[in-house]
Amino acid sequence: MQQVLCPQCGAPVKFTSTASVMAVCGACRSTLLKDAESVKRVGEMADVLEDYSPICLGAAGIYDKKRFDVIGRIQMRYDDGFWNEWYIWFDDGTDGWLSDASGQYAVTHTRRTKNPPEFPSFDSIKPGGVFKLDGQIFVASDVRTCRATGAQGELPFVPGDGWQARVADYRSVNAFLTLDYSDGDTPALYVGRAFELSDMQAASLRSDAQVEETAGRFRGKIHALDCPNCGAPISFVAAMATQVVCPSCMAVVDCAEDTAKVIEQQRKLKSIKTTLALGAKAKIDGAEYTLIGLLKCEDPDPEEPSNWIEYLLFNSQKGFLWLVESEDGWERVHVCDTWPTRNNNSSVNWLGKPYRKLYDYTSRVTLALGAFNWRVKVGDTTQISDYQSGGRKLTREESQNELGWSASSPVNPVTLAEWFGQPELAKQKAYSSGSSVTGYRTWAGRATIAMLFFNFFDIFTGKLPFLIMGVIMLWIPAVLADKFFGQGD
């Protein structure tokens with residue numbers, strides 16, 4: 001490690017990694033460039049906007065049984081939000097990146113190969129597209145053109161004025177791959193896998209109190225934000241500091257820059273009544289969550305229209321959690337870090353269990369209120385495919401620039417009431433799948449009843465063994481089908 005004094009203010013600045021070429025002075029924001037002989041000031045870097053990430057400079061973790069330290073951060077902004085890329089330094093002298101986006105994490109490092117694969121052009125990559133590396137199939141999950149809006153600590157390159165990153169992320173089960181076209185048509189290749197926050201040293205992370213104190217800070221304003229449109233206080237905007245929809249005037253406020261600004265004025269509604277209210281608290285699995293946003297969505301299918309409400313909850317250590325209220329009841333939803341693999345056109349396999357496809361439909365946002373970690377707009381549409389295995393459901397969601405998977409399970413109304421401390425919620429409708437798929441054993445049971453009815457008198461004759469054999473022949477494939485296609489209990 002090398003420590004120097006900032007030429008601008010004299011504050012000490014560290015260069016931990018031998019791969020670091022620049023560092024940002026924490027005192028005066030000067031950008032310092034290091035070469036073999038000296039360190040010089042080359043400008044000033046914009047500060048990062050603090051969000052609810054518990055990660056910070058100096059935090060430590062374990063990946064592939066190797067310790068690493070977080071020594072830098074670059075904050076990337078795209079049209080609908082931002083995320084953090086933390087620069088990490090391993091104790092074996094190698095470096096890498098810890099991606100921190102909406103409560104999901106992945107560690108990647110540069111992959112160099114003597115025989116590079118044939119790369120697609122950046123403009124040709126679409127969500128759902130396939131890229132093969134060493135025989136492994138990766139699926140494009142995110143395609144973005146973004147820019148650096150702030151930095152901290154050390155970095156292995158200098159993001160100059162106007163610097164843009166063109167990146168495509170791919171997923172394969174829990175493996176993570178990035179093609180970075182920032183420097184030209186031939187991308188840099190990064191590989192790694194999804195990362196659990198539990199693999200960080202807890203004592204090195206920011207505490208809940210530290211997160212609450214700094215998140216959503218606008219040039220000295222902490223916590224409360226007055227709506228730039230109507231002046232009403234928005235106390236929950238600091239949840240992710242990306243976007244908030246004012247519940248008083250319906251203004252869409254962008255919070256991902258130095259100052260909050262109105263970017264859209266939605267049509268104001270006379271009254272909005274939902275089962276759960278913004279700001280509601282829930283204790284789920286021992287962690288306290290706050291309801292920070294809600295979406296009203298619809299499937300515009302003219303033959304079978306439907307609508308539902310999606311509630312976004314947040315905990316600074318656990319991340320995001322969704323609750324969905326529909327005519328079928330309540331579901332708890334979380335984004336999948338591990339992706340399923342495709343079996344065929346009608347099923348996928350996830351965590352060792354097959355899920356059978358139910359249906360395809362469209363989700364369109366009709367109302368957005370509260371704070372979100374991306375820029376949600378009324379009219380946004382997503383193509384949805386649902387898969388089922390017993391009481392569990394997998395959902396594939398694809399938009400213009402992004403593809404993701406989420407898993408959901410039913411929530412009992414009594415449990416919902418306990419989470420929110422609201423006894424009246426126990427009167428909510430219990431969940432029913434609403435699916436036309438009833439299970440092979442259900443079908444076998446009905447067929448057995450019909451067989452016995454039409455052959456009732458044969459029970460008292462010598463044909464009884466044949467009837468028993470027929471029933472067995474019905475139930476064996478039904479039980480096996482339910483087991484392998486996930487339609488049983």
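## Basis of the model

Two strands are taken to pair if DSSP finds at least two bridges between them. Strands (E, at least two residues) are DSSP runs, numbered from the N terminus. This is a predicted model, in which local features need pLDDT of at least 70 and side-chain atom pairs count only at pLDDT 80 or more, while totals for chains, interfaces and linings use all residues. Residues are numbered from 1 along each chain as its sequence is written, and side-chain values use heavy atoms, with hydrogens and water left out.

Strand β27 (residues 347-350) pairs with strand β26 (residues 341-344) in the antiparallel sense over 3 bridges. A hairpin with 2 residues joins β26 to β27, and R342 stands opposite V348 in β27.

Strand β27 also pairs with β28, in the antiparallel sense over 4 bridges. Here N349 stands opposite P354 in β28. The hairpin of β27 and β28 has 2 residues between the strands, and in this hairpin L351 takes a positive phi near 55°.

## Salt bridges

The structure holds 14 salt bridges, each defined as a side-chain nitrogen of Lys or Arg within 4 Å of a carboxyl oxygen of Asp or Glu. Accessibility is described below as buried (under 20% relative accessible area), exposed (over 50%) or partly exposed (in between), with a 1.4 Å probe and protein chains only.

R332 counts as partly exposed because its relative accessibility is 23%, whereas D285, at 61%, counts as exposed.

E298 forms a salt bridge with R364, and the closest N and O atoms are 2.4 Å apart. Distant parts of the chain are again linked, since E298 lies in strand β22 and R364 in strand β28 (residues 353-372), 66 residues apart. E298 is partly exposed at 24% relative accessibility, and R364 is partly exposed with a relative accessible area of 31%.

The side chains of E331 and K393 meet in a salt bridge at 3.2 Å, N to O. E331 lies in strand β25 and K393 in strand β30 (residues 392-398), so this pair ties together parts that are 62 residues apart in sequence. Both E331 and K393 are buried. Elsewhere, a network of salt bridges links D142, R144 and E402.

## The second largest pocket

A pocket is found on a 1 Å grid over the protein atoms alone, as an open set of points where a 1.4 Å probe fits, with protein on both sides within 12 Å along at least five of seven lines; lining residues have an atom within 4 Å of a point. The second largest pocket has a volume of about 440 Å³, where volume is the space filled by probe spheres set on the points, which are joined across faces, edges and corners.

Of the 20 residues that line this pocket, V139, P340, T341, R342 and W405 lie nearest its centre. Two or more lining residues come from each of β12 (136-155), β13 (164-172), β26, β29 (381-389) and β31 (403-410). Strand β26 gives the largest share, 3 residues. By class, the lining has 10 nonpolar, 6 polar and 4 charged residues, where Ala, Val, Leu, Ile, Met, Phe, Trp, Tyr, Cys and Pro count as nonpolar, Asp, Glu, Lys and Arg as charged, and the others, Gly among them, as polar.
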